[in-house]
Amino acid sequence: MAKVNIVRPGEGEILGSGAHQIRILENGEHTDHRLGFAEVTIPPGTPSPLQHRHAQHDEGFYVLAGTFRFTVGEDQYDAGPGTWVIVPTGAPHTFANVGDENAVMLNTFTPDLYVQYFRDFKAMIDSGQPVNAETMKPLWKNYATEISNEYAS
């Protein structure tokens, strides 16, 4: 029999420090790896990830606080609290906190492939490596992700 998993406030695997934080709420262990789920907090002025696309998972974003600007190819969309954004496999995207306060969103990954990416990304940062196209390409390749501002064909 499958057991219900409950993650209470302050629980879950915390990646990051200070105001910039990813809290893993579901690592795929309780969903047969069909779903990963995280709470992401991003302070204002944090550089956005390079625009990229995923070949093996869909990614969803539900904004809880603040305003995120999603860039999808050449289009930009501002998303405030209560907004849901789904990025299907093959769609280029990135996001940034465009407000003056911390912005918070729930982030889904189906399947859960990208949860381990966040752990590997944290290890890369902790090792002192810079975050740029050169360092991200090999890391993202492990997760069927590539730098791109174009839709996959």
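Here is a walk through this structure, from the overall fold down to a few residues.

Keep in mind that this is a predicted model, where local features need pLDDT of at least 70 and side-chain atom pairs count only at pLDDT 80 or more, while totals for chains, interfaces and linings use all residues. Residues are numbered from 1 along each chain as its sequence is written, and side-chain values use heavy atoms, with hydrogens and water left out.

Let's start with the fold. The chain has 2 helices and 11 strands; these are DSSP runs numbered from the N terminus, with helices being H or I of at least four residues and strands E of at least two. Going along the sequence, you read β-β-β-β-β-β-β-β-β-β-α-α-β. The radius of gyration is 15 Å, close to the 15 Å that the globule rule gives for 153 residues, so the chain is as compact as a globular protein of that length. That radius is taken over C-alpha atoms, and the rule is 2.2 Å times the number of residues to the power 0.38. Along the principal axes, the C-alpha atoms fill a box of roughly 45 × 35 × 30 Å.

How is the chain held together in contact terms? Of the contacts between residues at least 6 apart in sequence, 65% join residues at least 24 apart, a contact being heavy atoms within 4.5 Å. Buried residues account for 39% of the 153; buried means under 20% relative accessible area, exposed over 50%, and partly exposed in between (1.4 Å probe, protein chains only).

Now for the rings. A search of the whole structure turns up 13 aromatic pairs. Phe-68 and Phe-70 have ring centres 6.3 Å apart and planes at 45 degrees, so this pair is tilted. The rule is that rings of Phe, Tyr and Trp (its six-membered ring) pair if their centres lie within 6.5 Å, with planes under 30 degrees apart counted as stacked, over 60 as edge-to-face and the rest as tilted. Phe-68 is buried at 0% relative accessible area, and Phe-70 is buried at 1%. Elsewhere in the list, Phe-109, Tyr-114, Tyr-117, Phe-118, Phe-121 and Tyr-143 form one aromatic cluster.

Finally, take a look at Gln-51. This residue sits in the loop between strand 3 (36-42) and strand 4 (52-54), yet Gln-51 counts as buried, at 14% relative accessibility. Leaving out residues up to four places away in sequence, Gln-51 touches several others, among them Thr-71, Val-72, Pro-92, His-93, Glu-146 and Ile-147.
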